[in-house]
Amino acid sequence: MKHPDSHLSDEQLLLDVEGELSAHDERLVHAHLSACWNCRARRQEFEGAIADFVRAHKREFAPDLPSAAGPRALLKARLEELAAGPPDGSMHFSFARGLKAAVAILVVLVLGIAVNRMAINHEIRSGQNVGIYSMPDARLTPGATVLLSRSVVCAEPGDGNRPVPGSLQRRVFQEYGIPRADPQAYEVDYLVTPALGGADDIHNLWPHSHSAIWNAQVKDALEDRLREMVCDGDLDLAEAQREIASNWISAYKKYFHTEEPLPEHRRAPAEPRR
Amino acid sequence: MPPRFPGSVVVPLLPISSAARLAGSRAQLHEEVAAVFDTFREPLLRYLWTFGLELPDGEEVLQDVFLSLYRHLDRGKSVDNVRGWLFRVAHNLALRRRYRTRRDAETQLDAAGEEWTVDPALNPEESLASREDHKRVRAVVEALPEQDRRCLFLRAEGLRYREIGEILDMSLGAVSLSLARSLARIARSAER
């Protein structure tokens, strides 16, 4: 695949095939490809080589994998065994005293984290027993994404999330211990928006309160900003997914340089979304 | 609700932080680790196989990989990229295992080459052409340096360049150069 210097390099062609070019480089490469038959043919050769390799690789490894049930059960049994021991087996003798101190510190930390988290996530309005969620419970909603490259994500229209079916909404409410929640009071929201490769999966959904200060409208603004940055090549897709999944409020503060939701992102809580 | 991207693999983004992990119960952690096991068992076994590890050996290494994941999380540490983390640990354990058993990937590839399943969808000419293609690609891949082969195998499992670089301790540029070089060789072999 030799070529004159004026043509694209093998590396540039491959990065384009793989969707690994920055938005700027992608534009330059596509401009060249639209005018150059030679490079287009070489690009196709890369696609062909990938297809050849994948076919051969599949041929090499084609066993009928035994069901995962056995290995999974073994893993769970070994996990039980591990759990019955101390948190870290390497510590438990010589560092017994230190461990006690560490546990004490840990308890304080966990309590601190729990109190802090409750303050953010699950403000219980006095006497009404209604959860006001501005952040998901990470144990129920860790976030889930689909394996996609930036170019695939950015090729999709990013205009709003599809509504979540009623049956799935009810499951989310149940998981969060609010089975009789008023659906008008919440938006069952995606933690990682599908516009950033988020999955249609219950681990990626949570009841986002309309009445929260950090409500779904504010989160929408962050999602739009992150998608724009990802598609412009200014932010890695995986990084954007991680930031929004770990603490979307912190991400909002970081990207909008503010401690409070900006007025233009805040709408009246009762106003229906999208 | 049909998936937005049909056929795509859902990757749980867990755990998000040590704080969330510490607040969760161990039983829940077991379930999460088991769920990740279900998602990644097949691609990890396939990758381990490229080190010459037969299925039973691969399954054993896999158990160690997930026990390591559990220990890591149980200590309150977080994993930002579960897939990258799992492949990195599997890669390191497989290298150690291969060194110990003194078996190498070439032995495995040679053995695999003796077996051939006929695709009933192909006529005899197509079947022969398919077999020739396979032999051609295999010859190119076997002649590649180990690191170039690793890049190809990891990419075939869907890992992005950044993840491959982290696993093999290579820069992004080195990963793309390696893949471009290997694929160019495969493409050239088809021209002959």
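Modeller: A residue is called buried if 20 or more other C-beta atoms, placed from the backbone, lie within 10 Å of its own, exposed if 12 or fewer do, and partly exposed in between. This is a predicted model, in which local features need pLDDT of at least 70 and side-chain atom pairs count only at pLDDT 80 or more, while totals for chains, interfaces and linings use all residues. Residues are numbered from 1 along each chain as its sequence is written, and chains are lettered from A in the order in which they are written.

Biologist: Which residues of helix α7 of chain B are buried?

Modeller: In α7(B), residues 146-156, they are Arg150(B), Cys151(B), Leu152(B), Phe153(B), Leu154(B) and Arg155(B); a helix here is a DSSP run of H or I with at least four residues, numbered from the N terminus. After α7(B) comes Gly158(B), with a positive phi near 95°.

Biologist: What makes α1(A) roughly perpendicular to α9(B)?

Modeller: The axes, which are lines fitted to C-alpha atoms over the stretch in contact, with angles from 0 to 180 degrees between N-to-C directions, cross at roughly 95° and come within 9 Å. Angles of 65 to 115 degrees count as roughly perpendicular, under 35 as roughly parallel, over 145 as roughly antiparallel and the rest as oblique, so α1(A) is roughly perpendicular to α9(B).

Biologist: Which residues of α1(A) meet α9(B)?

Modeller: Asp10(A), Glu11(A), Leu14(A) and Leu15(A) do, and their partners in α9(B) include Leu183(B), where contact requires C-beta atoms, placed from the backbone, within 7 Å.

Biologist: Which residues touch the most other members of the largest nonpolar core?

Modeller: Among them are Leu48(B) and Leu183(B), in a core of 53 residues; a nonpolar core is a set of buried Ala, Val, Leu, Ile, Met, Phe, Trp, Tyr and Cys residues joined through C-beta atoms within 7 Å. Helix α2 of chain B gives the largest share, ten residues.

Notes. Helix = DSSP H or I, 4+ residues; strand = E, 2+ residues; numbered from the N terminus. Contact = placed C-beta atoms within 7 Å.
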